[in-house]
Amino acid sequence: MEFSDFKCFAVNLPPSRAFRLPDIPPYLSIPLNHRCNRCDPLSPNGMRLLKELGMLIDKLKAHAAKYLSKTKGKNWESLPNLLVLRADKVSAIEAVVYNPVICLILQGEKQTAIGAQAVTLVSGDALLVSHDLPVVSQITQASPETPYLALILSLDLPTVRSLYEQTGEAIRDTADASSLSAGAADPSWVEPLDRYLALAGHPLETEVLGPAILREIHFRLLMSPIGGMLRNLLSVDSHASRIGKAIINIRARFREPLAIPDLARTAGMSQSSFHAHFKSVTGTTPLQYQKDLRMIAARDLLQSGRVSVSTSSYDVGYESPTHFSRDYTRKFGISPSKDLGNLSHTAA
């Protein structure tokens with residue numbers, strides 16, 4: 001898997017009074033280190049894990065700084081599937097499609113949302129995405145003195161499923177798992193992630209040791225508190241896996257009219273069951289999922305400066321520019337014509 005698959009149609013949104021990330025629901029806004037019993041700071045085991053996690057985060061910051069300084073050189077090869085992000089200021093709101101990834105916040109703060117579900121992530125927090133998801137996000141704390149730092153590792157679902165041969169019945173499906181899961185990072189997978197980042201700049205070690213470390217990371221994530229949906233993906237016939245097939249279909253044909261009966265057949269479900277499981281996995285409906293893909297693709301076209309509003313609306317599958325403008329404004333808080341003007345002015 002190439003890391004370039006991590007995002008598709010990434011676009012930055014201008015500040016707008018009408019558009020903002022959703023309010024954080026209480027069930028997703030639990031304070032850091034209170035989201036799993038293993039990290040309960042009031043317990044002896046929790047205190048040990050917090051101390052261990054803090055030491056690992058400090059090590060990763062040092063490795064990330066070295067990685068970022070070296071990757072500016074021509075002879076430094078980046079690690080497969082890994083991205084180190086740094087930002088010196090608060091970002092604009094970004095609309096993007098995430099492929100399966102694990103994101104670990106080392107410093108700063110970021111808010112990510114899909115539909116009405118949102119979560120704020122701070123240092124030591126992790127976000128696991130198990131399916132392709134259209135999200136909006138924003139870096140909310142960053143400065144030149146204390147930049148935002150994060151590690152993003154692409155997840156390989158075939159690697160996850162290959163673990164089923166060894167784990168077998170030892171791992172059971174997790175009820176109410178989400179394709180976007182957040183919580184305090186678990187040292188069990190952060191430690192091998194640190195070892196993987198430390199391979200940067202050592203091509204032979206990366207080639208020999210890298211695959212085994214990546215497999216270990218996948219296993220540790222599978223067993224972690226935020227790995228519920230990964231556990232559900234172990235079986236190719238699980239509801240999560242079948243919804244994954246439908247998502248691939250929607251992404252490949254998002255410009256075409258949505259055919260729910262065909263998608264349900266692809267997933268091997270009745271239409272009512274398909275709707276229920278799709279929303280359970282993705283947090284949104286099939287129609288809204290498709291609409292989000294269209295909106296992100298349309299703004300990417302407008303941002304390129306190559307097309308008009310009406311052309312972009314037809315290119316992403318709308319039959320009516322008026323309908324397109326209404327959905328665009330509802331999504332981004334600004335009409336496409338005004339947004340195009342802002343983008344043209346910025347480019348000039």
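**A guided tour: from the sheet to a helix pair**

Select C103 to begin: its bridge partner in β7 is L127. This is a predicted model, in which local features need pLDDT of at least 70 and side-chain atom pairs count only at pLDDT 80 or more, while totals for chains, interfaces and linings use all residues. Residues are numbered from 1 along each chain as its sequence is written, and side-chain values use heavy atoms, leaving out hydrogens and water.

Next, select β4 (residues 101-107) and β7 (residues 125-129), which run antiparallel and are joined by four bridges. Strands here are DSSP runs of E with at least two residues, and helices are runs of H or I with at least four, numbered from the N terminus. I102 has L128 as its bridge partner in β7.

In β9, C103 is partnered by I152.

Now display the whole open sheet: five strands in the order β2-β9-β4-β7-β10, with antiparallel pairing. Two strands pair if DSSP finds at least two bridges between them. At the edges lie β2 (82-87) and β10 (180-184), each pairing on one side only.

Return to β4: seven of its seven residues are buried, so the strand is largely enclosed by the rest of the structure. Buried means under 20% relative accessible area, with a 1.4 Å probe and protein chains only.

Finally, select helix α7 (residues 239-252) and helix α9 (residues 271-282), whose axes come within 10 Å and cross at roughly 90°. Axes are lines fitted to C-alpha atoms over the stretch in contact, and angles run from 0 to 180 degrees between N-to-C directions.

Note on methods. Buried < 20%, exposed > 50% of the residue type's maximum accessible area, 1.4 Å probe, protein only.
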